[in-house]
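Please look over the sequence and the model below. A short report follows on selected features.

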Amino acid sequence: MTKRDYRFFMLSLGLIITLGGCFGVRSAVPASFDMANLAGKANIMPIVIVGSGPAGLMAALYGARGGKNTFIIEGNKPGGLLMDTTEVENWPGETMITGPRIIEKLRAQALHHGVTMIDDAVERIDTASWPYKIFTENGQILHALTIIIATGASPRRLYVPGEERYWGFGVTSCAVCDAPFFKEQEVVVVGGGDSAVEEAIQLAAFASKITILVRKESMRAAASMQERLKAYEKVSIRYNVEVVEIMGNDTKVTGVTLKNHATGATELMATDGVFLAIGHDPNTSFIKDVIPTDSAGYIKVEGRTQATLVAGIFAAGDVEDHRYRQAGTAAGSGINAGLDAVRFLDDHGYTPMMAAAIKPQLHGATRSLPALAKGTTADGVIELETLDQFNDIIKKGGTVVMDFWSETCPSCKQMLPVFASLAQEYADRALFVTVDIDQVPAVVEKLFVHKVPCLLVFQEGDLIARYTNVMNRKELSAFVGQFIKSH
Ligand code: NDP
């Protein structure tokens, strides 16, 4: 952009400041919002959306359709919690649709309208000067004119003794992923909301007995959800009981200690698995020092807008909504946030002419993620088929990295492309093996794998490391890299 252009925009900005009280999300334009600050900057993004669930994808659609270059930083769990959901009966216009299908459709719509997807995650945001700086896990520094935080919420933990010890060995928060490990076993579901009902129903296809443990004398779940439970004889509900400890035999869960709030008594209850469905916490730790949140960590927004208390930064979905928390309401607030961001740019001198002038300075990423992972692996990854094949691979020695996954585990599928790229990077130093747990149960049993995703590392025939949980791109790369580099 030439100096003349900037002078023009400064004049426009002055006019906007004068008229600012008449319209706009915010009436006053902070002195720091000076389009001249963009001179010499690279990696500029007019609208950056952090998070790619329904709120983020709808915000992006409205940003792009509002004529602004819009980028989504997808995060470590693209698609968010809907990816762990099976049947959804209350998505607008659909009698029944799966969570992943909703995301697939929203993503396709956003891409169609020119949204750029960035395969990265945000580490921190610096709001000390404008444009705001976004630092990503892959080491990028991005300059954002507006930001929409749509990072959703994560499943809550009980924080009782035994939970951490047996996480992945009978304790989990994802029935969609782990229910097949509990065939003909007795399990408990902790919680009294819609998620607890959903988890119990998913488990009913596998477990022999499911007990929902509710800490109050009634469930919070919607009446229609509670009604659905009546069709499942295997499912029973116990009220007024709280899990105070999870016990095991060092290998896996064997029971829980319950405190009965009605009687005050404590009792032991035998169980093979503990499924947590006790709500969610907003994913705001990465912005907690820069964007005001309430005492529970939810981002505060102003009135009937999605504006946060930091000018030019907006929030949408579960990260700011502790009241409704529906996929539909998240999408709706995403629409509002997209409109707010477009309006904010319009109000602050980001005209079509300005957009054309800074085009060469825009972030150049046009790369879009591959379609939702379908469990495919890249060349160089061995897809294990038999126990004999496993024995042969281990006998050969060297370093072997194994990734256990299942068709029903969305998080596992998200890790597969990263695993494949590591396989290519370290092709000459290790063997990379993927194991579909439904295809090779003998190997799963032999290696005591009770939860997916699960990573095992062998060196010279010995099992030297085991990790049972979702890993983001950076964690998986660091985990695998440490063994290969040290070998
Ligand atoms: P909720 O916050 O609605 O419910 C959490 C449940 O966990 C409550 O019953 C709560 O008990 C209980 N709980 C919290 N902490 C503990 C603890 N330490 N020990 C024992 N119990 C505990 O969360 P959900 O995840 O169920 O639902 C979140 C949102 O998602 C809701 O709006 C829900 O409607 C929606 N949803 C919709 C679905 C659908 O339509 N298909 C499916 C799943 C979720 P208490 O009541 O005592 O506080």
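## Basis

This is a predicted model.

## Ligand surroundings

The ligand is surrounded by 19 residues. Gly192, Asp194, Ser195, Arg215 and Arg220 are the closest.

Asp194 places a polar side-chain atom 2.5 Å from an oxygen atom of the ligand. In the side chain of Asn90, an N or O atom is 3.3 Å from a ligand oxygen atom. Tyr324 uses its backbone: an N or O atom there lies 3.3 Å from an oxygen atom of the ligand.

## The cavity

The whole structure was searched for cavities of 30 Å³ or more, and 1 was found. The largest cavity has a volume of about 30 Å³. Its lining consists of Glu186, Val187, Val188, Lys209, Thr211, Met269, Ala270 and Thr271.

E11 gives the most, with 3 residues. By type, the lining divides into 4 nonpolar, 2 polar and 2 charged residues.

## The three-stranded sheet

Strand E16 also belongs to an open sheet of 3 strands. The order is E14-E15-E16, and the pairing is antiparallel. Strand E14 (241–248) and strand E16 (266–270) are the edge strands, and each pairs on one side only. Neighbouring strands are turned by 30° against each other on average, direction ignored.

E14 pairs with strand E15 (residues 253–260) over 7 bridges, in the antiparallel sense. Across this pairing, Val243 stands opposite Leu258 in E15.

## The five-stranded sheet

Another open sheet has 5 strands, in the order E20-E22-E21-E23-E24. Its pairing is mixed. From one strand to the next, the twist averages 25°.

Strand E21 (residues 399–405) and strand E22 (residues 431–436) pair over 6 bridges. Their pairing is parallel. Trp405 stands opposite Asp436 in E22.

## Cis peptide bonds

Trp130 and Pro131 are joined by a cis peptide bond, with omega at about 0°. Pro131 is in the loop between strand E6 (122–126) and strand E7 (132–136).

The peptide bond from Val452 to Pro453 is also cis, and its omega is near -5°. Pro453 is in the loop between helix H11 (441–446) and strand E23 (454–459).

## Positive phi values

Which loop holds Phe448? Phe448 is in the loop between H11 and E23, where Pro453 is also found. Phi of Phe448 is near 55°, a positive value in a residue other than glycine.

Glu460 is in the loop between E23 and E24. Its phi is near 50°, again positive in a residue other than glycine. Strands E23 and E24, on either side of this loop, both belong to the sheet of 5 strands.

Terms used:
Residues numbered from 1 in each chain as written. Predicted model: local features only at pLDDT ≥ 70, side-chain atom pairs only at ≥ 80, totals over all residues. Heavy atoms only, no water. Pairing = 2+ DSSP bridges. Helix = DSSP H or I, 4+ residues; strand = E, 2+ residues; numbered from the N terminus. Axes fitted to C-alpha atoms, helices over the stretch in contact; angles between N-to-C directions. 1 Å grid on protein atoms, 1.4 Å probe; cavity = no way out; pocket = protein on both sides within 12 Å on 5 of 7 lines; lining within 4 Å. Points joined across faces, edges and corners; volume = space filled by probe spheres on them. Nonpolar A, V, L, I, M, F, W, Y, C, P; charged D, E, K, R; others polar. Near = heavy atom within 4 Å. Polar contact = N/O pair within 3.5 Å; in protein donor to acceptor, adjacent residues only side chain to side chain.
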